[in-house]
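Subject: Structure handover

Hello,

Here is the structure I promised to pass on. Please open it first, then read my notes beside it.

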Amino acid sequence: MSDDLIKLRVVTPSGPVVEQMVSSITTSSELGEFCVLPEHRPVLASLKPGRLMFEMDGEPNVYAVDIGFFESSANHVNVMTQHCVSKESIQAEIEDLEKELGSLQEEFSGLEDDSPARTTLEAGITWLQAQLEVAQK
Amino acid sequence: MANLKEIRRRIASVHGTQKITRAMKMVAAAKLRKAQEHAESFRDYSRLMSEVLAEVASDAEEDAHSLLIRREPEKALVLVISSDRGLCGGFNSNLNRLVAAELNSGRVHTDLSVVGRKAKGYFEHRMVKIQTYYDEVFDDLDYDKAASIAAELAKLYENGDYDMIYLAYNEMVSVVSQVPTLVQLLPVALPEKKKVEAGELASPVFIFEPSESELLAALLPRYVEVKVFSALLESAAAEHAARMSAMETATNNAQDMIDSLTLVYNRARQSAITSELMDIVGGAEALND
């Protein structure tokens, strides 16, 4: 019954990543984790880097998302985020990610306090940490 | 009459040039298609971003965020988005002229930041100071590059270094028409909320998480990034389109030149044959006498 499902779309700057019907979505906003079921009241939330999970036929699908926004209305959910990767593909290259995180952290600790590259690096580090966290859960 | 060998050499040289322009046209066409796909896949993200911002900002005050506050313009900054390579017709020169006209209008003190080697060369040659030059943006253009440029511009605005920030880039109207445009980036002009048409449901009342003003503060910097990235993508596609039509024209011109040179060549050859025949006939007649 399509009435009991939510149409989920995850869109990143390089195109849509997920487009499918799901029965529930769980993710984390600035205020903490929340879950959206069909017929939920419209929500507009700002997401923090972390886990995005949705269920279809009892099968959970886990993705890592970067900072972004969550908009739901009338059983349509749009997630806009800068990056979105599935748990499987993170696990496939987990060693590379760990190495990258290490080198970014090193670069970050060597920076001056008011360097303009700071924010960009910080965002990169948070995103990598979020991915690793999702993979290990 | 030019000698035959000389004309043959020129025809061969024009042929060589034509081969190059034809190849460049094909390469530009392939790159244009890729750039258009890139822009297409970004369109969804940028449309959703505008919609969400319109929703959140629908009843925000003008001074709700530092990126929204309007100030009396005293200093302005223009980010000029040109290309790294030439041979694309009037693509860069039209844009540079538009920016130069804005600089010379003298309304407010205007500084420049530049993307792309072509505008850098043009303004450096005219002794215009370039605030920041962003290098190698178009090699492997991605969202993160646009995001770091946008973050820098937003910081300049918030610090009060500039009261207005504009983007100058070539807008791609169609494959054959690129129009240089100057648009305001900061302060952010909020997108219009979608009009509710008769028969449609009025837009729902959202639960905002966190509060509306915190959401606005999170959204605005992202929106500036989206605007910068859109302009970069648009300019990249327009550049390839401009190069494609410039190379198409060059190929056609080369063909016209080859045609007229071939005509000259044939005429010269014919007259050489005629004069040789005349010599033979003249010689034979002399023997008969």
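Before the first finding, one definition: a helix axis here is a line fitted to C-alpha atoms over the stretch in contact, and angles run from 0 to 180 degrees between N-to-C directions. Please also keep in mind that this is a predicted model.

**Two helices in chain B**

Two packed helices are described by the angle between their axes and the distance between the axes. Take helix α4 (residues 143-158) and helix α5 (residues 212-288) of chain B. They pack at an angle of about 120 degrees. Their axes are 8 Å apart. Angles of 65 to 115 degrees count as roughly perpendicular and those over 145 as roughly antiparallel. α4(B) and α5(B) are therefore oblique to each other. Their crossing is right-handed.

Which residues meet there? From α4(B) come B:Y143, B:A146, B:A147, B:I149, B:A150, B:L153 and B:A154. From α5(B) come B:P221, B:V224, B:E225, B:V228, B:F229 and B:L232. By class, twelve residues of this contact are nonpolar and one is charged. None is polar.

**The sheet in chain B**

Strands of a sheet pair through backbone hydrogen bonds, either parallel or antiparallel. Chain B has an open sheet of five strands. Trace them in the order β3-β2-β1-β4-β5. The pairing is mixed. β3 (130-134) and β5 of chain B stand at the edges. Each has a single partner strand, so one side of each is left without a neighbour in the sheet. From one strand to the next, the twist averages 25 degrees.

Look at one pair in detail. Strand β4 (residues 164-174) of chain B runs antiparallel to β5(B), and nine bridges join them. Start from B:Y166: its bridge partner in β5(B) is B:Q184.

Now bring back α5(B), the helix from the section above. α5(B) packs on the sheet and touches β1 (75-81), β4 and β5 of chain B. The direction of α5(B) makes about 40 degrees with that of β4(B).

**Where the chains meet**

How many residues of each chain are in contact with the other? There are 24 from chain A and 24 from chain B. On the chain A side, β1 (6-12), β2 (15-22), β5 (43-56), β7 (68-73), β8 (76-81) and α3 (117-136) each supply at least two residues. The largest share, four residues, comes from β5(A). By class, the chain A side has eleven nonpolar, ten polar and three charged residues.

Three bridges join β5(A) to strand β6 (residues 207-209) of chain B, and the two run parallel. Find A:A45 to see one of these links: its bridge partner in β6(B) is B:E209.

**Domains**

Chain A is assigned two domains: domain 1 (2-87) and domain 2 (88-136). Their C-alpha centres are separated by 23 Å. Each of the two gives ten residues to the contact between them. On the domain 1 side, β5(A) gives the most, with three residues. That side has four nonpolar, three polar and three charged residues.

Chain B is also assigned two domains. Domain 1 is made of two pieces, 4-23 + 246-288, and domain 2 covers 27-245. The C-alpha centres of these two domains lie 52 Å apart. Five residues of domain 1 of chain B are in contact with nine residues of domain 2 of chain B. α5(B) gives the most to the domain 1 side, with four residues.

**Backbone details to check**

Most residues other than glycine have a negative phi, and most peptide bonds are trans.

- The peptide bond from B:L186 to B:P187 is cis, with omega near -5 degrees. B:P187 lies in the loop between β5 (177-186) and β6 of chain B.
- The peptide bond from B:E209 to B:P210 is cis, with omega near -5 degrees. B:P210 lies in the loop between β6 and α5 of chain B.
- A:N75 is not a glycine, yet its phi is positive, about 60 degrees. A:N75 is in the loop between β7 and β8 of chain A.

Best wishes

Definitions and conventions. Residues are numbered from 1 along each chain as its sequence is written. Chains are lettered from A and ligands numbered from 1 in the order in which they are written. This is a predicted model: local features need pLDDT of at least 70, side-chain atom pairs count only at pLDDT 80 or more; totals for chains, interfaces and linings use all residues. Angles under 35 degrees count as roughly parallel, over 145 as roughly antiparallel, 65 to 115 as roughly perpendicular and the rest as oblique. A crossing is left-handed if the near helix is turned anticlockwise from the far one by less than a right angle, and right-handed if clockwise. Two residues are in contact if their C-beta atoms, placed from the backbone, lie within 7 Å. Ala, Val, Leu, Ile, Met, Phe, Trp, Tyr, Cys and Pro count as nonpolar, Asp, Glu, Lys and Arg as charged, and the others, Gly among them, as polar. Two strands pair if DSSP finds at least two bridges between them. Domain bounds come from an automatic or database domain assignment.
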